[in-house]
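Here's a quick briefing to read alongside the model. Have the sequence and the 3D view open as you go.

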Amino acid sequence: MTEPLPISIYVCDDLTKQFVKINSITNKLVAQFNFQAMTANWYGDEDNIPFIQLLLETPQGFINQKEQQKEKQQTKQVQTVKTHSDDVFSFIDDKESQLLIYTIAITESEQVLLAQQAKLLAGLLQIKLQKVLNIIAKQLNLKPI
């Protein structure tokens, strides 16, 4: 049995079909971000390690997810739904308060750009996801990565 890493990235099926290399890129980013978080001492308090899930979605998937989470918030199944920008929102599940879930849209304009220049995918994902992780670092009073 393997222990889950504190930071994980999940890619929706539509993006996996659209960008063949996205899973290998996100696997590398998971390793990189977990290492950077470790060196920034995010895991210093072993009883209070934040588990972060980054969910990559299409614009339509992003809208659907946001609507679902807002409905769950109204029925008290999730604590908080927070919008960070037009392409990032987060929520905390009441059952697992140590789990921070951030949904990130790969916007239509980004998809158009990536369709023309697929080699930009790794850099775009790294910058976009690192920005989200640094939002989390600020909220939790941790050192940015």
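## Overall picture

The protein's secondary structure comes to 5 helices and 5 strands, taken as DSSP runs (helices H or I, at least four residues; strands E, at least two) and numbered from the N terminus. From that end, the elements go β-α-α-β-α-β-β-β-α-α. The radius of gyration is 15 Å, close to the 15 Å from the globule rule for 145 residues, so the protein is as compact as a globular protein of that length; the radius is taken over C-alpha atoms, and the rule is 2.2 Å times the number of residues to the power 0.38.

This is a predicted model, where local features need pLDDT of at least 70, side-chain atom pairs count only at pLDDT 80 or more, and totals for chains, interfaces and linings use all residues. Residues are numbered from 1 along each chain as its sequence is written, and side-chain values use heavy atoms, with hydrogens and water left out.

**Confidence**
- The average pLDDT (the predictor's confidence in each residue, from 0 to 100) is 92, and 97% of the residues score at least 70.
- Among the elements, strand β1 has the highest mean pLDDT (98), while strand β3 (residues 78-85) has the lowest (85).

**Size and burial**
- The C-alpha trace spans about 45 × 40 × 30 Å along its principal axes.
- Buried residues (under 20% relative accessible area, with exposed over 50% and partly exposed in between; 1.4 Å probe, protein chains only) make up 41% of the 145.

**Strand β2 and its partners**
- Strand β2 (residues 51-57) is mostly covered, with 5 of its 7 residues buried.
- Strand β1 (residues 7-11) runs parallel to β2, joined by 5 bridges; pairing takes at least two DSSP bridges between strands.
- I9 has L54 in β2 as its bridge partner.
- β2 also pairs with strand β5 (residues 99-105) in the parallel sense, over 7 bridges, and E57 has A105 in β5 as its bridge partner.

**Aromatic cluster**
- The structure holds 2 aromatic pairs, meaning Phe, Tyr or Trp (six-membered) rings with centres within 6.5 Å; planes under 30 degrees apart are stacked, over 60 edge-to-face and the rest tilted.
- F62 and F89 have ring centres 5.3 Å apart and planes at 65°, so this pair is edge-to-face.
- F62 sits in helix α3 (residues 59-74) and F89 in strand β4 (residues 88-93), so the pair ties together parts 27 residues apart in sequence.
- F89 and F91 have ring centres 6.3 Å apart and planes at 25°, so that pair is stacked.
- F62 is buried at 5% relative accessible area, and F89 is buried at 0%.
- F62, F89 and F91 form one aromatic cluster.
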